[in-house]
Amino acid sequence: MSQISNSSIPNAKGSEQFAYNIRAHALEMISASGASHIGSVYSVADLMAVLFSSVMQLDPENPQWEDRDRFVLSKGHAGASVYVSLAERGFFDHQLLSTYYTNGSTLSGHVSHKNVPGVDISTGSLGHGLGIGAGMAMASRKLEKDWRSFVVLSDGECDEGSIWEAALFAAHNRLGRLTTIIDYNKIQSLAPVSETMALEPFRDKWEAFGWQVRESDGHDHAALKAAMSDLPADGEKPLAIIAHTTKGKGVSFFEERVLWHYRCPRGEELEAARADLAGNYPALSAAFAGGEAHA
């Protein structure tokens, strides 16, 4: 299967800094609060960075702007990535991130829209996001609007029948402005996806349900931007992007390990993760530490 070419896409350095900032902030947020899901946050960090920095039409000064693109993180347990993305885009001050997953905070462990500017819908119960996104796409057509609806799914939640019901609905109703990006890191909560409930042939399933499908390296920003930005030539088919990712991408000892779905990095593990992240992205780490990342 061919993947999206990045030959005609300009340098994506800005989104790469954005992704590093997601990883760096999320590490501190999750450790300080005793939360989980660092592996899930790291696997979607690049997807989120490209979406929020380069693809979606948003207005931080007017979070409820009628013509904004809509976004649903169906895998709501990776909510820290949404909160950092919104802070990076200027929806609220970065200082709020330090309250993540603490008593009384608006930044709950799973994504909540309550009093959080820029969040369209609360999520966390897996399997619901694609149906919500399809409804948003249907609304845009009814209202004769041009905004797009983006849904990020986990591969594990594609075990849910509700995902495939929504997929049928979207194709039947020709919701061409609906895009779903599947974080295909191939590990779900307790075991590899292939052992829990195999999804392959995954691309064939989406195509059989009436979707146009693109595949991409989920950590290649230029390829992701190419896959996400252009609507399909057939404007009536919804678009599924299968993003091949690595769970825990960015910290070597997080990567491809089921342990880091739930484990919280603290103490020596936190120090090691900080060092490993900075060592893997030295230039981006330097910009983050120097404050340039928030400019």
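## Model and confidence

A crossing of two helices is right-handed if the near helix is turned clockwise from the far one by less than a right angle, and left-handed if anticlockwise. Helices (H or I, at least four residues) and strands (E, at least two) are DSSP runs, numbered from the N terminus.

This is a predicted model, where local features need pLDDT of at least 70 and side-chain atom pairs count only at pLDDT 80 or more, while totals for chains, interfaces and linings use all residues. Residues are numbered from 1 along each chain as its sequence is written, and side-chain values use heavy atoms, with hydrogens and water left out.

Residues 1-12 have pLDDT below 50. Beyond near neighbours in sequence, that stretch has 22 contacts in the model (heavy atoms within 4.5 Å). Residues 291-295 also have pLDDT below 50. Their stretch has 11 contacts beyond near neighbours in sequence.

Two packed helices are described by the angle between their axes and the distance between the axes. Axes are lines fitted to C-alpha atoms, for helices over the stretch in contact, and angles run from 0 to 180 degrees between N-to-C directions. Under 35 degrees counts as roughly parallel, over 145 as roughly antiparallel, 65 to 115 as roughly perpendicular and the rest as oblique.

Helix α2 covers residues 38-55. α2 packs against helix α3 (residues 79-89) at about 30°, with the axes 9 Å apart. The two are therefore roughly parallel. Their crossing is right-handed. On the α2 side, Val41, Val44, Met48 and Phe52 make the contact. On the α3 side, the residues are Ala80, Ser81, Val82, Ser85, Leu86 and Arg89.

α2 also packs against α8 (221-229). These axes come within 10 Å and cross at roughly 60°. That makes α2 oblique to α8. This crossing, too, is right-handed. Residues of α2 in the contact include Asp46, Leu47, Val50 and Leu51. From α8, those taking part include His221, Leu224 and Met228.

## Helices α4 and α5

Helix α4 (residues 129-142) comes within 8 Å of α5, axis to axis, and the two cross at roughly 20°. α4 and α5 are therefore roughly parallel to each other. Their crossing is left-handed. Leu130, Gly131, Ala134 and Met138 of α4 meet Ile163, Ala166, Ala167 and Phe169 of α5.

## Salt bridges

Side chains of opposite charge can pair when their charged atoms come close. The whole structure holds 11 salt bridges (a side-chain nitrogen of Lys or Arg within 4 Å of a carboxyl oxygen of Asp or Glu). One of them joins arginine 23 to aspartate 46, at 2.6 Å from N to O. Arginine 23 sits in helix α1 (residues 13-33) and aspartate 46 in α2, so the pair ties together parts that are 23 residues apart in sequence.

Arginine 174 pairs with glutamate 236, with 3.7 Å between the closest N and O atoms. The pair links distant parts of the chain, 62 residues apart. Arginine 174 lies in the loop between α5 (161-172) and β3 (178-184). Glutamate 236 lies in the loop between α8 and β5 (239-244). Arginine 174 is partly exposed, at 43% relative accessible area. Glutamate 236 is partly exposed as well, at 45%.

A further bridge joins arginine 274 and glutamate 271, at 2.6 Å from N to O. Both lie in helix α9 (residues 268-280), 3 residues apart, about one turn of the helix. Arginine 274 is partly exposed at 32%, and glutamate 271 is partly exposed at 46%. Together with Glu28, these two form a network of salt bridges.

## Two residues up close

Serine 149 lies in strand β2 (residues 149-154). Its relative accessible area is 1%, so serine 149 is buried. Setting aside residues up to four places away in sequence, serine 149 touches Arg70, Gly133, Met136, Ala137, Arg177, Leu178 and Thr179. From its C-alpha atom to that of alanine 166, 17 residues apart along the chain, the separation is 14 Å.

Alanine 32 lies in helix α1. With a relative accessible area of 64%, alanine 32 is exposed. The C-alpha atoms of alanine 32 and tyrosine 101 are separated by 9.1 Å, and the two residues are 69 residues apart along the chain.

Technical notes:
pLDDT = per-residue confidence, 0-100. Buried < 20%, exposed > 50% of the residue type's maximum accessible area, 1.4 Å probe, protein only.
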